[in-house]
Amino acid sequence: MGARSVDVIKAGGKIPGSSNRKVPKDFLASEIESRWSITGKQYRTCGENGILAQLKKYRPDDSYAMLCITMKDLYPGPRWAFCFGWASFNAGVGAFSFLRYDPSWLGIEDPNSEKTMLSMGCHIMCHEIGHQFGLQHCIYYECLMNGVNGADE
Ligand SMILES: [Zn+2]
């Protein structure tokens with residue numbers, strides 16, 4: 001039996017549709033290039049040792065896309081300070097971090113921190129999933145697919 005419409009695979013969990021393949025329990029630490037920044041350890045999303053390239057190995061054969069969701073900080077490559085997430089338009093893989101939406105990470109006391117983090121983070125997570133389905137940044141409407149990289153977006 002293959003994957004359902006949405007499957008959650010935790011690190012160390014079995015890949016749906018496979019006999020016994022698993023995502024490594026320490027996927028980020030063992031397989032992904034990382035660096036230290038002034039804000040702490042970050043994991044790379046792009047490049048051959050980045051999350052997107054390595055995640056392809058674990059994507060179920062009959063799936064459309066797989067998104068790595070983490071509380072670790074991410075960066076696309078050496079010329080970037082960080083990113084909230086990154087996704088491929090055509091490889092069916094992406095990565096997203098909730099870390100920078102956590103009020104406590106920002107040094108803000110918030111009695112509703114989990115709610116704040118989820119409501120803000122889920123917006124961008126859905127944006128990244130949109131990219132996985134081939135959607136580019138929208139410049140015509142105020143919508144989920146607006147970009148955040150410049151005034152023209
Ligand atoms: Zn985007």
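Which residues point one way from E6, and which the other way?

1. Val93, Ala95 and Ser97 point one way from E6. Gly94 and Phe96 point the other way. All are buried. The model is a predicted one.

2. Strand E6 covers residues 93-97, and five of its five residues are buried, so the strand is largely enclosed by the rest of the structure. Buried here takes 20 or more other C-beta atoms within 10 Å of the residue's own. Across the chain, 25% of the 153 residues count as buried.

3. E6 has a parallel partner in strand E3, residues 66-70. Five bridges link E3 and E6. In this pairing, methionine 66 stands opposite valine 93 of E6.

4. E6 also pairs with strand E5, residues 85-87. Here the strands run antiparallel, joined by three bridges. Alanine 87 has glycine 94 in E6 as its bridge partner.

5. E5 and E6 make a hairpin, with five residues between them. Glycine 92 lies in the turn, and its phi is positive, about 70°.

6. The chain holds three helices and six strands. Read from the N terminus, the order of elements is α-β-β-α-β-β-β-β-α. The radius of gyration is 16 Å, close to the 15 Å that the globule rule gives for 153 residues, so the chain is as compact as a globular protein of that length. Along the principal axes, the C-alpha atoms fill a box of roughly 45 × 35 × 35 Å.

7. Sequence separation of contacts: among those between residues at least 6 apart in sequence, 46% join residues at least 24 apart.

Methods. Residues are numbered from 1 along each chain as its sequence is written. This is a predicted model: local features need pLDDT of at least 70, side-chain atom pairs count only at pLDDT 80 or more; totals for chains, interfaces and linings use all residues. A residue is buried if 20 or more other C-beta atoms lie within 10 Å of its own, exposed if 12 or fewer, and partly exposed in between; C-beta atoms are placed from the backbone. Helices (H or I, at least four residues) and strands (E, at least two) are DSSP runs, numbered from the N terminus. Two strands pair if DSSP finds at least two bridges between them. The radius of gyration is taken over C-alpha atoms; the globule rule is 2.2 Å times the number of residues to the power 0.38. Two residues are in contact if their C-beta atoms, placed from the backbone, lie within 7 Å.
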